[in-house]
Amino acid sequence: MATAAIHALPAPLLDVNGIEVIYNHVILVLKGVSLQVPEGGIVALLGANGAGKTTTLKAVSNLLAAERGEVTKGYIEFRGERVDRLNPSELVKRGAIQVMEGRHCFPHLSVEENLLTGAYSRKASRAEIRADLEKVYGFFPRLKQRRTSLAGYTSGGEQQMTAIGRALMARPRMILLDEPSMGLAPQIVEEIFEIVRNLNEAEIERFLFAELIRLVLLRF
Ligand SMILES: Nc1ncnc2c1ncn2[C@@H]1O[C@H](COP(=O)(O)OP(=O)(O)OP(=O)(O)O)[C@@H](O)[C@H]1O
Ligand SMILES: [Mg+2]
């Protein structure tokens, strides 16, 4: 009976199991961190400054090596596959897309050009990309209004929307968002989280994109 119950449970989309992260071979930052993101779930990591939230997300996206960080214990599985030894671009190809802290946009490109860079990593026809762009504008009507503006001249909230929209253009299966609310007015934070919630629900009920989208949120 117990076995049947275990089989009935769907495998989580993301399984972080007892990871330890060390920077510069000596600085132990994470110890025994485990978390799971179920299919269709939104998971929030909450913690004080320096608690290790960003480090956890970078461990999942395999971005630690660039900062002399390393997962030294435990493992990470994405869609049932060990991913902690892959390089970051392989992880992007598998559909795990990170939106870094600080809403990095290309300031000298327009909002629309920024969005288009998100589709760069996948093979898609112009018509498909056009259709995906319209879907992103459907979720973020503000971005449609600002499509020709240089991203560097748009507001903080619009830049965060552009960064999330660019991630969507990659047709992600999971988005990792690092502090999407940082430095934004409460009203804009509400607006962004409402859109994130809608995105998650829409993907499950209406499959707007080819693959389901999952979200891991920091400070949701
Ligand atoms: N590249 C690095 N080299 C050495 N130590 C680092 C490095 N990056 C982060 N740390 C340390 O790891 C700890 C966790 O940092 P991290 O950025 O993951 O925390 P956080 O929870 O995201 O904090 P915040 O809320 O300020 O964003 C901190 O003590 C930080 O000083
Ligand atoms: Mg952080």
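Is helix H7 largely enclosed by the rest of the structure or left open, and how many of its 13 residues are buried?

Modeller: Happy to. Please keep in mind that this is a predicted model. Helix H7 covers residues 156–168. Of its 13 residues, 12 are buried, so H7 is largely enclosed by the rest of the structure. A residue is called buried here if 20 or more other C-beta atoms lie within 10 Å of its own. The buried residues of H7 include Met-161, Ile-164 and Leu-168, and also Glu-158 and Arg-166. Gly-157 and Gly-165 are on that list too. The geometry of the helix can be checked as well: at 1.5 Å a residue, H7 should span 18 Å, and its end C-alpha atoms are 18 Å apart, which agrees.

For contrast, let us turn to some residues elsewhere. Glu-90 sits in helix H3, residues 88–93. Glu-90 has 12 C-beta neighbours inside 10 Å and therefore counts as exposed.

H2 gives the most to the shell around ligand 1, with three residues. In total, 14 residues surround ligand 1, and the closest are Tyr-23, Asn-49, Lys-53, Thr-54 and Thr-55. By type, the shell divides into four nonpolar, eight polar and two charged residues.

Strand E2 leads us to the sheet, which is open and has four strands in the order E2-E1-E4-E5, with antiparallel pairing. E2 (27–37) and E5 (81–82) stand at the edges with a single partner strand each, so one side of each is left without a neighbour in the sheet. The partner of E2 is E1, residues 14–23, and seven bridges join these two antiparallel strands. One of the pairs is Val-21 with Leu-30 in E2.

Most residues other than glycine have a negative phi. Arg-68, in the loop between H2 and strand E4, has a positive phi of about 60°. Arg-68 is exposed because it has 11 other C-beta atoms within 10 Å. Arg-79, in the loop between E4 and E5, also has a positive phi, near 50°. With 17 C-beta neighbours inside 10 Å, Arg-79 counts as partly exposed.

How values were computed:
Residues numbered from 1 in each chain as written. Chains lettered and ligands numbered in written order. Predicted model: local features only at pLDDT ≥ 70, side-chain atom pairs only at ≥ 80, totals over all residues. Pairing = 2+ DSSP bridges. Near = placed C-beta within 6 Å. Nonpolar A, V, L, I, M, F, W, Y, C, P; charged D, E, K, R; others polar. Expected span 1.5 Å × (residues − 1).
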